[in-house]
Amino acid sequence: MSLQLSAIASSISPSATLGLNATVTQLRSQGVDVISLGAGEPDFDTPYHIRQAAKEAIDAGKTRYTDVSGIPELRKAIVDHIFEHKKLRYEPDEIIVSSGAKQAIVLALQAILDPQDEVILPSPYWISYTEMIKIAGGKPVFISTTPDTDFLPTPEQLAAAVTEHTKAIIINSPNNPSGAVYSEETLKRLAKILKDKESEYGHDIFLISDEPYREIVFDGKKAPYPAAYYDNTLTCYSFSKSLSLPGERIGYIAVSPTATDADILAVICGQISRGIGHNCPASTPQLGVAKVIDETSDLSVYEINRNIIYDTLVDLGYTVTKPGGTFYIMPKCMEEDSVAFCNKAKEYDLILVPTDGFGAPGFFRMAYCIDTEKVKRAMDVMRKFTEECYK
Ligand code: PLP
């Protein structure tokens, strides 16, 4: 085994949130009525007609290998969808269909990183980025943010974090775990800083924009599309959340047409997929998603849930920033040790996630991708737990 990779692998902790799923299953099998705000997995059925679309593909025997970059129908559907909604025109060759956003980000990093290249991560960041960067040979560089800026990096922080070794920055808007949404103004400032630094250091700096929550934005707003503001953008998307089908593993990378060597980068991503043994995403979800590209499952429940949770937390005296999107909220714990705080909640059969692994010690994450009745029950327990342990 490669010594370097085995050292990295042994430093990777198992997924904190999916590990909690196992705990929940175990407790439920023991008859405990546990309420989980743990995993970010929509607890809803994939809408019937979306399942039908994939089923028709199976029934038609469309179970062969596909093109390594995905089936032409889906790549064309993605191109048309982005043009209609974001007004950015890609060529189908600039789209690589992937097995979820997770694989898309891995391909993007593997395609652009040289050993020891730095990748900037504004924290809080999604838990998997650090291991993905290390496995691709890169070095994560963290920027810590605070509730004062709604957990978004300031221009000064960004400018200070970029060095001659910076190859990329990963942003995730709307953000897991904070729920923050990057505004147009923030994206414009970010783009200007990156462009200036590209000129100063004389090499490309890529923006990897991770967008699995693109459609889940509240208060009648839309999330601005980062690729519209910066040429060297690799957009990573997943249908897991918008269509409630995380287990089907379907997403894509869109290499911006304006990115340096966009056509070559897209081919490299496909070749890496083949080289690492992934080859192509499963055929039937590709065919299914191609038929429902402009649809989502019912996402309105997330705003209802956010409002209930936010109001309860404020009432209980938590310091909390109102999320602009996603199905997460990240309040400050009532004590410094977030693991101890979440363990106390577990005594009340309520599963919360400490966000130390997301680069935000002292906070916790609640995932509200469950039905509203369960959210209301969870808030009753939250009230009891908070009042008994911290008042
Ligand atoms: N990026 C973020 C921020 C996520 O929260 C997730 C999943 O929870 C992913 C990427 C991966 O998405 P997928 O499971 O569809 O690959």
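Predicted model: local features only at pLDDT ≥ 70, side-chain atom pairs only at ≥ 80, totals over all residues.
Two helices were examined as a pair. Helix α11 spans residues 300–315 and helix α13 spans residues 372–390; their axes come within 10 Å and cross at roughly 10°. Because angles under 35 degrees count as roughly parallel, α11 is classed as roughly parallel to α13. On the α11 side, the contact is made by Val301, Ile304, Asn305, Ile308, Ile309 and Thr312. These residues meet Thr372, Val375, Lys376, Met379, Met382 and Arg383 of α13. By class, the contact of α11 with α13 comprises seven nonpolar, three polar and two charged residues.

The backbone was then considered. Most peptide bonds are trans, and most residues other than glycine have a negative phi.

The bond from Ser173 to Pro174 is cis, with omega near -5°, and Pro174 is placed in the loop that runs between β5 (166–172) and α8 (184–201). Asn176 and Pro177 are likewise joined by a cis peptide bond, for which omega is about 25°; Pro177 also lies in the loop between β5 and α8.

Positive phi values occur at two residues that are not glycine, Asp219 and Ser244. For Asp219, phi is about 60°, and the residue is located in the loop between β6 (206–210) and β7 (233–238). Asp219 counts as exposed because it has 10 C-beta neighbours inside 10 Å, the limit for this class being 12 or fewer. For Ser244, phi is about 55°, and its position is in the loop between β7 and β8 (251–255). Ser244 has 21 C-beta neighbours inside 10 Å and therefore counts as buried, a class that requires 20 or more.

Definitions and conventions: Residues numbered from 1 in each chain as written. Axes fitted to C-alpha atoms, helices over the stretch in contact; angles between N-to-C directions. Helix = DSSP H or I, 4+ residues; strand = E, 2+ residues; numbered from the N terminus. Parallel < 35°, antiparallel > 145°, perpendicular 65-115°, else oblique. Contact = placed C-beta atoms within 7 Å. Nonpolar A, V, L, I, M, F, W, Y, C, P; charged D, E, K, R; others polar.
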